Amino acid sequence: MIDEARDETVRVGTSLFARGYVHASAGNISSKVGDSYLITPTDAALGFLEPHRLALVDAGGAQIAGDRASKTLTLHRRIYAADPTARFIIHTHSTHLVALTLAGVWSQDDVLPPITPYYVMKVGHVPLIPYHRPGDPRVADLVTARIAESRTPIRAVLLDRLGPVVWGPDAATALAVLEELEETARLWLLTDRRPEPLPAHALGELTSTFGAAW
């Protein structure tokens, strides 16, 4: 299982880099494997990961193998603890989502309005987390509080000036959340943040027909 998780992490990192979701050494990826965690090393370039250098950490947070774990390890471990369905986490500094925090989000509880059906179905509510320095352990408290208090399950948060953190039961689901979230931010910024949200009846239809968490 560990070898499969290593290969999956490298594949996801390469894909994110090739498509411009990450740059330089920004961002990190982790997965929960049994009671252990596999996470990219601190300052690793996600487009050039090496499987044997990924950090393997035990249930208590002690490193077992690989290079030194990302400074966001605490945040990742706390998300896994707060959402038992989470098995894969991605954090990027995606251009349009960071730009959104600089230009101004729609609201603190919903960084983007529900302007497309697939945003509602694939992403859902995304709260803004106030700025703290990279790796600040206080961010984990803020994120887990948001997970606990949300009236519907959330799949992502947006860190002010740093970018999204998304999670899911597997890599494919987490990637889908990230991609739809970044694309919706791009659409909203390209249209000068003018589109109105989908009306209430449309949101209700998406919820009743597809089980959207809205």
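Which side chains meet in a salt bridge at 2.9 Å, N to O, with Glu8 as one partner? The side chain of Arg11 is the other partner. A salt bridge here is a side-chain nitrogen of Lys or Arg within 4 Å of a carboxyl oxygen of Asp or Glu. This is a predicted model: local features need pLDDT of at least 70, side-chain atom pairs count only at pLDDT 80 or more, and totals for chains, interfaces and linings use all residues. Residues are numbered from 1 along each chain as its sequence is written, and side-chain values use heavy atoms, with hydrogens and water left out.

Glu8 and Arg11 both sit in helix 1, 3 residues apart, about one turn of the helix. Helices (H or I, at least four residues) and strands (E, at least two) are DSSP runs, numbered from the N terminus. Glu8 is partly exposed at 27% relative accessible area. Arg11 is partly exposed too, at 43%. The cut-offs are under 20% relative accessible area for buried, over 50% for exposed, and partly exposed in between (1.4 Å probe, protein chains only).

The salt bridge count comes to 10. Side chains of opposite charge can pair when their charged atoms come close. Arg19 and Glu179 form one such bridge, also 2.9 Å from N to O. Arg19 lies in the loop between helix 1 and strand 1, and Glu179 in helix 6, so the pair ties together parts that are 160 residues apart in sequence. Arg19 is partly exposed at 40%. Glu179 is partly exposed at 27%.

Another bridge links Arg53 and Asp67, with the closest N and O atoms 2.6 Å apart. Arg53 lies in the loop between strand 2 (36-39) and strand 3 (55-57), and Asp67 in the loop between strand 4 (63-65) and helix 2, so this pair ties together parts that are 14 residues apart in sequence. Arg53 is partly exposed at 38%. Asp67 is partly exposed at 27%. Salt bridges with shared partners join Glu50, Arg53 and Asp67 into one network.

Now the interior. In soluble globular proteins, nonpolar side chains tend to be buried together. A nonpolar core is a set of buried Ala, Val, Leu, Ile, Met, Phe, Trp, Tyr and Cys residues joined through side-chain atoms within 4.5 Å. The largest one has 43 residues, and Leu16, Ile90, Leu100 and Leu181 touch the most other members. Elements that give two or more residues to this core include helix 1 (2-18), strand 5 (88-91), helix 3 (95-103) and helix 7 (200-210). Helix 6 supplies the largest share, 8 residues.

Take Ile90. Contact means heavy atoms within 4.5 Å. Not counting residues up to four places away in sequence, Ile90 touches residues including Val12, Leu16, Pro164, Ala174 and Leu178. A second, separate core of 22 residues includes Tyr37, Ala69, Ile79 and Leu159.

His76 lies in helix 2 (residues 73-82). At 2% relative accessibility, His76 counts as buried. Its contacts are Asn28, Ile29, Ser30, Ile39 and Ile89, not counting residues up to four places away in sequence.

The structure holds 3 aromatic pairs. Rings of Phe, Tyr and Trp (its six-membered ring) pair if their centres lie within 6.5 Å; planes under 30 degrees apart count as stacked, over 60 as edge-to-face and the rest as tilted. Tyr119 and Trp214 have ring centres 6.5 Å apart and planes at 65 degrees, so the pair is edge-to-face. Tyr119 lies in helix 4 and Trp214 in the segment after helix 7, so the pair ties together parts that are 95 residues apart in sequence. Both Tyr119 and Trp214 are buried.
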